[in-house]
Amino acid sequence: MENTRNTATLAAAPGPRLAGDLAIWFFILAELLAFGVFFAAYAFTRAKNLELFNVEQQALNRGAGVINTMLLLTASYFVVRAVQAAERAASAQSARWLLAAICCGLGFIGVKLTEYSAAFAHGVSLSSSPFHMFYLSLTFFHFMHVILGLVILLALWNGARKGRYHAGDMNGMETGAAYWHMVDLVWLILFPLVYVIN
Amino acid sequence: MQYKSQAVAKPYFIAAIGLFVGQILFGLIMGLQYVIGDFLFPALPFNIARMVHTNLLIVWLLFGFMGSAYYLIPEETETELYSPKLALALFWIFLIAGALTIVGYLALPYATLAKLTGNDILETMGREFLEQPLITKVGIVIVALGFLFNISMTLLKGRKTSISMVLIVGLWGLAIFFLFSFYNPHNLVKDKFYWWWVVHLWVEGVWELILGALLAYVLIKVTGVDREVIEKWLYVIITLALVTGLIGTGHHYYWIGTPQYWQWWGSIFSALEPLPFFAMTVFAFNMVNRRRREHPNKAAVLWALGTGVMAFLGAGVWGFLHTLAPVNYYTHGSQITAAHGHMAFYGAYVMVVLTFISYAMPILRGRAANSERSQVLEMWSFWLMTIAMVFITLFLTAAGILQVWLQRVSDTPMSFMATQDQISLFFWMREWAGVVFFTGLVLYLVSFFVKGETKGANA
């Protein structure tokens, strides 16, 4: 009974609404914490090996990093358009936007794989230097998140094609979109931190 | 009890509790051997007592997991168990094999046992927690496969719920990772590396799935909260547990000869291992607060809440204490590890099995909940065992800090044995806390035999 009352009060209460499921926000915060700890460890080690980090950072393929940044930002834009389309109950449009976002994500994967293969060819490994350890660990951990994000976008695309989302039921769409934006956000910190700031 | 075949869980639970008593008795003996070195020597040397203490723990928890699965799966899948007869046959095989192994440990010198049981065919013995003779290990695999076959076939013919899927993935993982106990390379680094695939990937990996599924099931039953809500949180918790726990294996790879990056990976990911346990505590309390019914089994609710809190403290907080590589450099293999091991095993796995038994056993005995008197006694046993475990952990932590200081940090480090003498006061206090724990366990046993007015048959 108490439960029903609480829900009713919550529904009636004015103010901002949490987009997506509360559970995904817990998950996102945990993910951000994990990346945050990793970034802090990077900063700490960099401070102790400044010269090495500066030199090895120059060897990274910044061009590939910039392309990947554009791809992720564009994917996020497409996801926003997909959410807006779903709210208007324009399912087919929403699905098309999602497909475009998925293509961008796949592009990211492709660029990253090329970058990795070049790096491995140059003898970069987890044990070759502290900088390489962080470069590979951070980007690979993020890479795995892009893959998970793509799986989620695929699920949303499938749902959108079946017309599952509309203004009355945006929970699934917003939940998946929030996760994708997190993947994008992390890259926006990772890219300058590892590739650019010297 | 909704399905007749759930009754096979009962002997599993009884055996689990019986072996639990044995485990604690050997714990008390070892605790005394810490301070009276030749107590029961040479009849029962310390290394044998320790082996029996830890092996019994693992075996009774396995009995508990299997019993819980046999109880849970028919109800979740809404169908009778594929083969109750197979479940009972495997029970006896596992119990007899387990008992023979313990008798072997106690009656024979370990090397003789190894010789008699074919260790020269495939050398698997002699490693901590995996001391079982080859034939016992093969027996464990056979029992596990039979058990998984039974459970999987039941699942295939019935309803598939998230809880049963998470549970079955955990149980299959348990069996698969045990196979690494047969891999014993001569290279010591590799030996240790893969040894942790059994030990760590059990308790900080797949067992957490089992823990999550059992807790979620009991919470659905005792709170009446919507399954969707509970299952959603279960997914969040197990994802966090797997991501942090799997890569967190690295916290065992700091000093065994593995590449240095494990110090970063292990530190960062295992530092986040408390998160899923914290989420589990919040989840358990939240669900109980949002309950839609007052379940007559108050004791089971108490155990469920206790599991969340104690798992967070023991596995989460006490794990974090010594998980960072720079800290672990000093604390590795000290009494701090023992403190963490005790509270983590109790808080996470002992308590979740006792939660399940507390919920299921009255129903298996034909009532929704035990009598008020019985429950009061059970709750006393909960508090005695839990508080005693908190003190065991605190005393071992104090012993550990002092040990690290005297033996590893000090400018004039003492030898291991000289240090042990210096910290004996804490070992005495730990032993007395152990006696209180045992008292709690006796009360727990007595609670099964207390009569009184009970509530209806359904829960």
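Because the model is predicted, local features need pLDDT of at least 70 and side-chain atom pairs count only at pLDDT 80 or more, while totals for chains, interfaces and linings use all residues. Residues are numbered from 1 along each chain as its sequence is written, and chains are lettered from A and ligands numbered from 1 in the order in which they are written.

**Confidence**
- The model comes with an ipTM of 0.85 and a pTM of 0.93.
- For chain B the average pLDDT is 96, and 99% of its residues score at least 70; pLDDT is the predictor's confidence in each residue, from 0 to 100.

**Chain A**
- Seven helices and zero strands are found in chain A, giving the pattern α-α-α-α-α-α-α along the sequence. Helices (H or I, at least four residues) and strands (E, at least two) are DSSP runs, numbered from the N terminus.
- The C-alpha trace of chain A spans about 60 × 40 × 20 Å along its principal axes.
- Of the 198 residues in chain A, 32% are buried, that is, they have 20 or more other C-beta atoms within 10 Å of their own, with C-beta atoms placed from the backbone.
- Among contacts in chain A with a separation of 6 or more, 80% join residues 24 or more positions apart. Two residues are in contact if their C-beta atoms, placed from the backbone, lie within 7 Å.

**Domains of chain B**
- Chain B is divided into domain 1 (1–160) and domain 2 (328–459), with bounds from an automatic or database domain assignment.
- The C-alpha centres of these two domains of chain B are 20 Å apart.
- In chain B, 19 residues of domain 1 touch 19 residues of domain 2.
- On the domain 1 side, α1 (9–35) and α2 (46–77) of chain B each give two or more residues, and α1(B) provides the largest share, 12 residues.
- That side of domain 1 of chain B has 14 nonpolar, four polar and one charged residues. Here Ala, Val, Leu, Ile, Met, Phe, Trp, Tyr, Cys and Pro count as nonpolar, Asp, Glu, Lys and Arg as charged, and the others, Gly among them, as polar.

**Where chain B meets chain A**
- Chain B brings 17 residues to the contact and chain A brings 14 residues.
- On the chain B side, the elements giving two or more residues are α8 (227–247), α9 (261–271) and α10 (274–289) of chain B.
- The residues of chain B that touch chain A comprise 12 nonpolar, two polar and three charged.

Note on methods
A residue is buried if 20 or more other C-beta atoms lie within 10 Å of its own, exposed if 12 or fewer, and partly exposed in between; C-beta atoms are placed from the backbone.
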